[in-house]
Amino acid sequence: MEKLVISGPTPLKGEVEISGAKNAAVAIIPATILINGVCTIENLPHISDVKLYCEILEHLGAKVKWIGKNTVEIDSRNIHSTTAPLDITRKFRASYYLIGALLGRCGRAEVGSPGGCNLGPRPIDQHIKGFEALGAKVKVGGGSITATCDKLKANSIYLDIVSVGATMNIMIASVLAEGTTTIDNAAKEPHVVDLANFLNTMGADIRGAGTDIIRINGVKELKGNATYSVVPDQIEAGTFMLSAIASKGDILVKNCITKHLEPVIAKILEIGGNVEADEENVHVWWSKRTTKANIKTLPYPGFPTDLQPQMGVCLAISSGTSIINESIWNSRFQYTEELNKMGAKITSSGQQAVFDGVEFLYGAPVYATDLRAGAALIMAGIAANGTTEIYNLNHIDRGYENIEEKFRKLGAKIERVTED
Ligand code: EPU
């Protein structure tokens, strides 16, 4: 079993380059199935979800070739299977994008029920509602989802809940459908826009991504022969920005899109941190003990749920009492139990947690309960006095490229150790 061993406290100092966005990459890779040709994707993060997706595509008949550290060439001309390997698709959440992609390309998709972080119930009823509105028949049961259709036909779809996954999946499915599909109450996250930009580069006609109404004018074919670079990961950028505060450090976060980080910048300033930014770089530094703040997670452009645990670490050691309301996921406070093992004073109940700020944390053995919880525990370990051991690294490896190397370059004393 692997664990991370961190000796703290260390004020992190230096520069960090942000990788491509996980949640854009895991939609763009399956969307290449729609292309009757070859395309090149740059700035792909080396994370286990991306590797699993490349494996799945090969099973379906695509040729996947890494032509650079973060660049892959995908040839989807010979997709010959509509059944994704069920064991692999069950390992991660974003495998649900294969349903939209295979339906759009082949009129049939069979995918294992998506796995991923345990954040409470994660229904996909809005995805299914969208596929059915486009004319597909969807069957869920026996650990898999099967969708079939003759030819998808455009429709107007109103999402009952703002869902990133449903917005992107319906967008993927409808690119080759006949007519104009409208998604109302669509998600506006940067990765939604990035997926639309990728598909448009390959010949799709999608308008309005980034607003709450997206129109997809169906086209006959996507051609490929183009190169696309994945948007920088705003959650990774936010994680390092908050790490500067939690560790009492000074970090220049490079290669990000500052516009995507406005809610985090606002909260860092509110608690007394310092931020200077241009369009692509954000400099964050600590100069005095930070103070309490209240946070409510919301769909973009609200405060992102995927930075809630990292913000929680900062509030755990800020002065005063802070409250976080988590409005997206039912079970995203499991990390607070782990932080309490490190001396934090957090009481969580349902979708609310109350943080009574303590002066310092101390090292302890802790478990990454999900991906972002894992990142938060690394931050806490770097800020804490003594040695922290973090277990369940598979969660962290799913979503952060070279995370310990990046933290080490900023001065953290962090090592991956294999234990019997
Ligand atoms: N929901 C439904 N029905 C649906 C879809 C969603 O009720 O059909 C609910 C969910 O239960 C949740 C809310 O709607 O309460 C929002 O879910 P959404 O569909 O937006 O989430 P997702 O697409 O499954 C993506 C990210 C998550 C991120 C959320 C919210 C990917 C692969 N995952 O999940 O990322 O938390 O959007 O921004 O893009 C992470 O990266 O750590 C992570 C969990």
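Which residue does the side chain of Lys223 meet in a salt bridge? The fourth point below gives the reply.

1. Basis of the note. The structure is a predicted model, in which local features need pLDDT of at least 70, side-chain atom pairs count only at pLDDT 80 or more, and totals for chains, interfaces and linings use all residues. Residues are numbered from 1 along each chain as its sequence is written, and side-chain values use heavy atoms, with hydrogens and water left out.

2. Helices (H or I, at least four residues) and strands (E, at least two) are DSSP runs, numbered from the N terminus; two strands pair if DSSP finds at least two bridges between them. An open sheet with mixed pairing is formed by four strands in the order E4-E5-E3-E13. Strand E4 (63–68) and strand E13 (226–229) each have a single partner strand and stand at the edges, so one side of each lacks a neighbour in the sheet. From one strand to the next, the twist averages 20 degrees. Strand E3 (residues 38–42) runs parallel to E13 and is joined to E13 by four bridges; Ile41 has Tyr228 as its bridge partner in E13. Helix H7 (residues 190–201) lies across E3 and E13, at about 170 degrees to E13. Axes are lines fitted to C-alpha atoms, for helices over the stretch in contact (heavy atoms within 4.5 Å), and angles run from 0 to 180 degrees between N-to-C directions. The expected span of a helix is 1.5 Å times one less than its number of residues; the 12 residues of H7 should therefore span 16 Å, which agrees with the 16 Å between its end C-alpha atoms. Among the buried residues of H7 are Val192, Leu195, Phe198 and Leu199, where buried means under 20% relative accessible area, exposed over 50%, and partly exposed in between (1.4 Å probe, protein chains only). Just after H7, Gly203 has a positive phi of about 115 degrees.

3. Nonpolar cores. A nonpolar core is a set of buried Ala, Val, Leu, Ile, Met, Phe, Trp, Tyr and Cys residues joined through side-chain atoms within 4.5 Å. The largest has 80 residues, of which Tyr53, Leu98, Val175, Phe198, Leu199 and Leu222 touch the most other members. Leaving aside neighbours within four places in sequence, the contacts of Tyr53 include Val26, Ile29, Phe92 and Leu98. A second, separate core of 68 residues includes Val253, Ile265, Val275 and Ile396.

4. Salt bridges. A salt bridge is a side-chain nitrogen of Lys or Arg within 4 Å of a carboxyl oxygen of Asp or Glu, and by this rule there are 18. The partner of Lys223 is Glu221, at 3.6 Å from N to O. Lys223 counts as exposed at 55% relative accessibility, whereas Glu221 is partly exposed at 36%. Arg416 and Asp397 form another salt bridge (2.9 Å, N to O). This pair links distant parts of the chain, 19 residues apart: Arg416 lies in strand E23 (residues 413–418) and Asp397 in helix H13 (residues 393–397). Salt bridges with shared partners join Glu2, Asp397, Glu404 and Arg416 into one network.

5. A hairpin. Strand E15 (residues 274–277) pairs with strand E16 (residues 282–285) in the antiparallel sense over four bridges. The hairpin that joins E15 to E16 passes through four residues, and Glu276 stands opposite His283 in E16.
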